[in-house]
Amino acid sequence: IMSIYEMPSLLGKNLDYSKELTINEGMKCLFDIIPYEYGNANVYENAVRAGFLLSQFSKSGAEPLSTEQAIYAAVKVLNRKIAIDVNGFAASQDYEDIMNTVGQPYKDAVAFTVANGIISNENGVDPSSTITLSKFLEILERILIYAGEI
């Protein structure tokens with residue numbers, strides 16, 4: 001993904017792929033692939049305005065980015081790129097253990113990613129956990145493959 005997209009939020013840094021992301025760090029990665037120049041702007045507010053975050057479930061960009069929030073935001077980017085509607089998607093019974101831990105506003109997006117192989121039980125995905133840089137880049141890469149950009 002980093003060989004195809006200029007990602008200013010990650011360039012020139014000694015990357016720790018196991019690092020858990022804050023909301024701001026994750027949203028900067030999303031803005032990098034759109035691309036959107038965020039500069040010194042309030043990344044959190046811009047992400048809420050763009051529909052990538054649900055403000056009722058977070059208060060600031062310094063909070064940890066949960067996996068379900070990251071999936072929701074990535075699917076919103078996919079929607080912008082190829083205008084796909086994920087409302088009403090359902091995951092198979094094989095993924096009931098994942099889907100039972102997902103918060104209601106994120107269920108359609110997570111079900112879509114499960115139904116399309118973007119995430120799976122083999123990925124070790126826990127929707128309520130804080131997402132790592134590695135997992136987030138993996139999800140973004142699969143979203144972009146789905147969109148036909150990679």
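Reading from the N terminus, the elements of this chain go α-α-α-α-α-α. That comes to six helices and zero strands. Keep in mind that this is a predicted model.

**The chain as a whole**
- The radius of gyration is 14 Å, which agrees with the value near 15 Å that a compact globule of 150 residues would have.
- Laid along its principal axes, the C-alpha trace spans about 45 × 35 × 30 Å.
- Buried residues make up 44% of the 150 in the chain.
- Take the contacts between residues at least 6 apart in sequence: 67% of them join residues at least 24 apart.

**Helix H1 and its surroundings**
- H1 covers residues 23–33, and eight of its eleven residues are buried, so this helix is largely enclosed by the rest of the structure.
- The buried set is Ile 23, Gly 26, Met 27, Cys 29, Leu 30, Phe 31, Asp 32 and Ile 33.
- What do these buried residues pack against? Their partners are helix H2 (43–50), helix H3 (67–82) and H6.

**How H1 meets H6**
- H6 spans residues 133–146, and its axis lies 11 Å from that of H1, at an angle of about 30°.
- Angles under 35 degrees count as roughly parallel, so H1 is roughly parallel to H6.
- The crossing of H1 past H6 is right-handed.
- On the H1 side, the contact is made by Gly 26, Cys 29, Leu 30 and Ile 33; H6 brings in Leu 133, Phe 136, Leu 140 and Leu 144.
- By type, the residues of this contact are seven nonpolar, one polar and no charged. Gly counts as polar here, so Gly 26 of H1 is the polar one.

**Two loop spots to look at**
- Between H1 and H2, the loop holds Pro 35.
- Ala 83 sits in the loop between H3 and helix H4 (96–99). Its phi is positive, about 50°, although Ala 83 is not a glycine.
- Is Ala 83 buried or exposed? Ala 83 is exposed: its relative accessible area is 65%, and the cut-off for exposed is over 50%.

Notes
Residues numbered from 1 in each chain as written. Predicted model: local features only at pLDDT ≥ 70, side-chain atom pairs only at ≥ 80, totals over all residues. Heavy atoms only, no water. Axes fitted to C-alpha atoms, helices over the stretch in contact; angles between N-to-C directions. Helix = DSSP H or I, 4+ residues; strand = E, 2+ residues; numbered from the N terminus. Parallel < 35°, antiparallel > 145°, perpendicular 65-115°, else oblique. Left-handed = near helix turned anticlockwise from the far one by under 90°. Contact = heavy atoms within 4.5 Å. Rg over C-alpha atoms; globule rule 2.2 N^0.38 Å. Buried < 20%, exposed > 50% of the residue type's maximum accessible area, 1.4 Å probe, protein only.
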